[in-house]
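Subject: Structure for your study

Dear colleague,

Please find the structure below, together with its sequence. A short account of the findings follows it.

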Amino acid sequence: MAKKSATYLAKQYHRYLKLERGYSANTLDAYMYDLDKLLNYLHSEGKEPTDVVLADLEHFSATLADIGIGARSQARILCGVRSFYRFLVLDGYMSDDPTELLESPKQPEHLPEVLSTAEVDMLKASIDRTKWEGHRNSAIIEVLFSCGLRVSELTHLKLSNLYLDEHFVRILGKGAKERLVPISSRAIEELGWWFSDRQQMSIKPGEEDYVFLNRRGAHLTRTMILIMIKQCAERAGLQKTISPHTLRHSFATALLEGGADLRAIQAMLGHESIGTTEIYTHIDTSTLRSEILNHHPRNIQYARSSGKPSPIPVQEMDNETR
């Protein structure tokens, strides 16, 4: 096969991601944006993508760090590079994959913020329901928290995908994969209040099936929802860094702490890999200490024999470890 240019290979890769992998427009843009970084680097080095060896990619990875790109973003870019070279091998443009031994930078341990149910209620309480968008915003927060949706899934949620009598919603997730997610009675009630307001709106042609609309009658964007939630958090006095994904994470954490099986959480979140779901398995350290102190047989035995509570009260232990 004759050597192909970087531009040609990028176009074929875009076609592969769109048609064969079924990626959304947002995901396609992200993959191609990251690929451009590699192609620009190779152009500056006078190399074509099919000439690359492991050492070239290791040097590319080092340049990402040199220009101040963080470890998490580096790992995401290199993930896209691996995907690109797997495609080149799959379609016969290369015989060997130069990314097989390519290592990603070590990731700093990071646990996303999580909100308690009380804090979610604080978010909703900060909303002025006398304004036209009040019931809509409250319903958005409740659906995100009750269903664990990605913000992109919420913005594309359709009336025709709601099965409220059965307490389910049908979600079109990443890779055009569908899943059924239970929806709580509280969320259904909030939607009912919003639908009463929605019926009074003038809706743009073609937007009639979208659940959540802006004041001009068009479906919401991710940025609109992000801004709304951040404003609610500020009014509620919450000091945490909060985004729509915080509510998805809070949904998964609440299920896990309530005893839900990790595989069931994986299905509800729409994760392809159980490894992705495992980031939600953290337990708050104060909760963990409380569980150990109150339920470990040694502590129970001590309390029974001495007639005293746990030898190290949780509050005292918290003070000692601060």
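Is Tyr13 buried or exposed? Tyr13 is buried, because its relative accessible area is 0%, and buried here means under 20%. Please keep in mind that this is a predicted model.

**Aromatic rings**

A pair of aromatic rings is described by the distance of the centres and the angle of the planes. In the whole structure, ten aromatic pairs are found. In one of them, the ring centres of Tyr13 and Phe84 are 5.2 Å apart and the planes stand at 75°, so the pair is edge-to-face. This pair links distant parts of the chain, since Tyr13 belongs to helix H1 (residues 6-20) and Phe84 to helix H4 (residues 71-90), 71 residues apart. Both Tyr13 and Phe84 are buried.

Tyr13 also pairs with Phe87: the centres are 5.6 Å apart and the planes at 45°, so this pair is tilted. Phe87 is likewise in helix H4, 74 residues from Tyr13. With a relative accessible area of 1%, Phe87 is buried. Ring pairs join Tyr13, Phe84 and Phe87 with Tyr8, Tyr16, Tyr85 and Tyr93 into a cluster. Over the ring of Tyr8 sits the charged end of Lys4, 5.1 Å from the ring centre.

**Salt bridges**

Side chains of opposite charge can pair when their charged atoms come close. The count of salt bridges comes to eleven. One of them joins the side chains of Glu142 and Lys124 at 2.5 Å, N to O. Glu142 lies in helix H6 (residues 134-147) and Lys124 in helix H5 (residues 117-125), 18 residues apart. Glu142 is buried, with a relative accessible area of 6%, and Lys124 is buried as well, with 5%.

Lys124 forms another salt bridge with Glu190, at 2.9 Å, N to O. Glu190 is found in helix H8 (residues 185-198), 66 residues from Lys124. Lys124, Glu142 and Glu190 belong to a network of salt bridges that also includes Arg129 and Arg186.

A further salt bridge, at 2.9 Å, N to O, is made by the side chains of Arg179 and Glu153. Arg179 is in strand S3 (residues 178-182) and Glu153 in helix H7 (residues 151-155); both residues are buried.

**The surface**

Tyr163, Phe168 and Leu180 form a nonpolar patch on the surface, with about 270 Å² of accessible area together. Tyr163 is part of strand S1 (residues 162-163) and is partly exposed, with a relative accessible area of 34%.

Yours sincerely,
A colleague

Methods:
Residues are numbered from 1 along each chain as its sequence is written. This is a predicted model: local features need pLDDT of at least 70, side-chain atom pairs count only at pLDDT 80 or more; totals for chains, interfaces and linings use all residues. Side-chain values use heavy atoms; hydrogens and water are left out. Patches are made of residues with over 30% relative accessible area and no salt bridge: like charges are joined within 9 Å, nonpolar side chains (Val, Leu, Ile, Met, Phe, Trp, Tyr) within 5 Å. Accessible areas come from the Shrake-Rupley method with a 1.4 Å probe; for residues, only the protein chains shown count as cover. A salt bridge is a side-chain nitrogen of Lys or Arg within 4 Å of a carboxyl oxygen of Asp or Glu. Helices (H or I, at least four residues) and strands (E, at least two) are DSSP runs, numbered from the N terminus. Buried means under 20% relative accessible area, exposed over 50%, partly exposed in between (1.4 Å probe, protein chains only). Rings of Phe, Tyr and Trp (its six-membered ring) pair if their centres lie within 6.5 Å; planes under 30 degrees apart count as stacked, over 60 as edge-to-face and the rest as tilted. A charge sits over a ring if NZ of Lys or CZ of Arg is within 6 Å of the ring centre and within 35 degrees of the ring normal.
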